[in-house]
Amino acid sequence: MSDNKNSRQSEMSIHDIWKARKVISPLISATPFIQSFVLSERIGRPVYLKLEHVHDIGAFKVRGAANKILSLTEAEKKRGIATFSTGNHGMAVAYLAKRLGIDARVCISRHVPKAKVDSLKRLGAKIEIYGDSQDEAGEYCYELEREKGMTVIHPFDDPYVIAGQGTIGLEILESIPDVSDVVIPLSGGGLLSGVGLALKSFDSGIRVTGVSMENSAVMFESLQAGKPVKLEEKPTLADSLLGGIGLQNQYTFRMVQKYMDDILLISEGEIAGSMSFMIDIHRMIIEGAAATGVAAVLGEKLAYQDGAVVVVITGNNVDFSVLVQIIQSFEKNKGG
Ligand SMILES: *Cc1c(COP(=O)(O)O)cnc(C)c1O
């Protein structure tokens, strides 16, 4: 793997993921699996949940961010890092920067809600408020890179980030050696690219299914168009899956094309139903993005019918008010 701009994902290999595992292991613990007997019974196949919401910040994004940050030279670390994500990636960068004693800036637009700004501040990040949109905040981030020599940590389209997320694939192969299907929530595609590379390097017969919400499925539309496209963002419970894939996408578009066997789109009602299911049956709070994977099994939507299934439970960062609404409407529908 090289940092040459012309290098392509064809140069990424399973070795990058093994290296990532070694690099991040002092900071990031392997996460557990549980078998969901209710889901297994429903589809007549063993269904395992890979619990990535148990990381400190409640999402898998710490894996990729840690691998990228730890790949920086001492001089680069001294100059600091920056991100324009206010979601799980932004939280991961802020959290890791604090643990590693690195200066981190999170660039946000003036419209980002106070609750998000507060939780980023709690993690010790310095907040740079700039512009009216996430795009403008992103441009400011790259200005910090040019002018202050800070390194922008991209949320998905970076070989180190992809390799870090791919370490989940190694854990799946070790713990569930007879896995047939892996279900992966999909947005920018860093997670699916890394896990897909890990799984298919071992056995090209393992099937990879991406899941996105019906509202604003940018990777889905881009694959249909044969090139990255931009979409207007509609409101969704799966807010962590919102955002473009970048019109200049370098890695993940082609890797998702290469490693994904099937893609499913999930409705808002199915997302809410799956969040309720996880609370009701497993007593676990997960966010909408993660619930898309559960919905694929709960709704019996998988295209393939045999062998063990692993669903990656990607995160748990859901607003308390949203959670209360979901539980209340679940109670009402139950007639209780
Ligand atoms: C980022 C994220 C995803 C999607 O990951 P990509 O690499 O962007 O495809 C899924 N679920 C959660 C909770 C996330 O934070």
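A polar side-chain atom of Asn88 sits 2.8 Å from an oxygen atom of the ligand, a polar contact in the sense of a pair of N or O atoms within 3.5 Å. The model is a predicted one, in which local features need pLDDT of at least 70, side-chain atom pairs count only at pLDDT 80 or more, and totals for chains, interfaces and linings use all residues. Residues are numbered from 1 along each chain as its sequence is written, and side-chain values use heavy atoms, with hydrogens and water left out.

For Lys61, a polar side-chain atom is 2.7 Å from a ligand oxygen atom, while Gly188 places a polar backbone atom 2.9 Å from an oxygen atom of the ligand.

Lys61 and Asn88 also meet in a helix pair. Helix 3 (residues 61-70) and helix 5 (residues 88-100) pack at an angle of about 50°, their axes 9 Å apart. Helices here are DSSP runs (H or I, at least four residues) numbered from the N terminus, with axes fitted to C-alpha atoms over the stretch in contact and angles running from 0 to 180 degrees between N-to-C directions. The two helices are therefore oblique to each other, the term for angles that are not under 35 degrees (roughly parallel), over 145 (roughly antiparallel) or 65 to 115 (roughly perpendicular). Contact, meaning heavy atoms within 4.5 Å, involves Lys61, Val62, Ala65, Ala66, Ile69 and Leu70 of helix 3 and, on helix 5, residues including Asn88, His89 and Ala92.

Elsewhere, helix 12 (residues 268-282) and helix 13 (residues 288-298) pack at about 90°, with axes 8 Å apart, which makes them roughly perpendicular.

Key
Polar contact = N/O pair within 3.5 Å; in protein donor to acceptor, adjacent residues only side chain to side chain.
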